[in-house]
Amino acid sequence: MEEDDLLLAGIEDKIDQCERYAMLTHSAFLDLRQGALARAYCEKRRGLQVCFYGGYGEAERVIAVFFPDYLSLPTEKDCLSWLSENEEDNPLTVLRVTKDPFHTLTHRDYLGALMGLGIKREMVGDLLVNENGCDIVLLKSVAPYLKDNLTQAGRARLDGAFVPMKELRSVEEKRELVPCVVASLRLDNVVSAAFSVSRAAAVAAVQKGLIFVNSLPCEKAAAPVREGDRIVFRSKGKVRLAEVGGTSKKGRLHIVIEKYC
């Protein structure tokens, strides 16, 4: 796909800048699919110091950060630690937006307000909504503009202030445990049960690259799913295989799906 080629060309350009000028470089924000493509591409480059970072451990939208050799950061964990310890050089920041108490806002409301200001989605990471407002992870390059101009979402008035990345408020997602019965722990079977779609639709979704297991795309319908695996179905949501139980008299497996509401 031409879109994928452009993405990887951009990643290669950032790697080249990092190596040529011995400077920290980074990509724009990547969604799950783009992040998986970029990670696979970077894994082919020996000795590359890179981490995929969205401000917190469970971030869905991340940037690829490339570190020059002189920093000596051999593992991704080392790279992430360096970012947390060097706030001034961290390419991301958090804009904490507080809303007035008279309106209720959703993720869509905040995202719509950002897009209404002409901000491209690739400049903004996860939006962590809470009852008082929203913590927005974003690139520092657009941070001053957003702080000055993100003053309203829908009919709600907004006030924004920057906070250190370590003060980012994680969102406690509502979860629901749903018992299911499947023929086997094949990916298509679990997706069909978890998202209430036909097995044929589940197979088609897998083949189209819409299914991610533990943040990585999986295009094999017969791939095994294990207890604890997180599954994302793009545009439909995410679940976790919370428990694998016993077998019914008809030889089918009892499982428990944890749905993120």
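Colleague: How many aromatic pairs does the structure hold?

Modeller: This is a predicted model, and the structure holds two aromatic pairs. A pair of aromatic rings is described by the distance of the centres and the angle of the planes. In the pair formed by Phe 67 and Trp 82, the centres are 5.7 Å apart and the planes stand at 80°, an edge-to-face arrangement. This pair links distant parts of the chain, 15 residues apart: Phe 67 belongs to the loop between strand S3 (63–66) and helix H3 (76–85), while Trp 82 belongs to helix H3. Phe 67 and Trp 82 are both buried.

Colleague: Why is the pair of Phe 195 and Phe 233 called edge-to-face?

Modeller: The ring centres of Phe 195 and Phe 233 lie 5.3 Å apart with the planes at 75°, so the pair is edge-to-face; the angle required is over 60 degrees. Because Phe 195 lies in helix H6 (residues 187–195) and Phe 233 in strand S12 (residues 230–233), the pair ties together parts that are 38 residues apart in sequence. Both Phe 195 and Phe 233 are buried.

Colleague: Which residue lies over the face of Phe 233, and which over that of Tyr 260?

Modeller: Over the face of Phe 233 lies Lys 236, 5.8 Å from the ring centre. Over the face of Tyr 260 lies Lys 238, at 5.1 Å from the ring centre.

Colleague: Let us return to the helix that carries Phe 195. Is H6 mostly covered or uncovered, and how many of its residues are buried?

Modeller: H6 is mostly covered, with eight of its nine residues buried.

Colleague: Why does Ala 22 count as partly exposed, and how does Ser 72 count?

Modeller: Ala 22 counts as partly exposed because its relative accessibility is 40%. Ser 72 has 53% relative accessibility and therefore counts as exposed.

Colleague: Where does Gly 160 lie, and which residues is Gly 160 in contact with?

Modeller: Gly 160 lies in strand S8 (residues 156–163). Its neighbours within four places in sequence aside, Gly 160 is in contact with Leu 95, Arg 96, Val 97 and Lys 147. With a relative accessibility of 23%, Gly 160 counts as partly exposed.

Colleague: What does the secondary structure of the protein come to, and what percentage of its residues count as buried?

Modeller: The protein has seven helices and 14 strands. Of its 261 residues, 42% count as buried. Among contacts with a separation of 6 or more, 61% are between residues 24 or more positions apart.

Note on methods
Residues are numbered from 1 along each chain as its sequence is written. This is a predicted model: local features need pLDDT of at least 70, side-chain atom pairs count only at pLDDT 80 or more; totals for chains, interfaces and linings use all residues. Side-chain values use heavy atoms; hydrogens and water are left out. Rings of Phe, Tyr and Trp (its six-membered ring) pair if their centres lie within 6.5 Å; planes under 30 degrees apart count as stacked, over 60 as edge-to-face and the rest as tilted. Helices (H or I, at least four residues) and strands (E, at least two) are DSSP runs, numbered from the N terminus. Buried means under 20% relative accessible area, exposed over 50%, partly exposed in between (1.4 Å probe, protein chains only). A charge sits over a ring if NZ of Lys or CZ of Arg is within 6 Å of the ring centre and within 35 degrees of the ring normal. Contact means heavy atoms within 4.5 Å.
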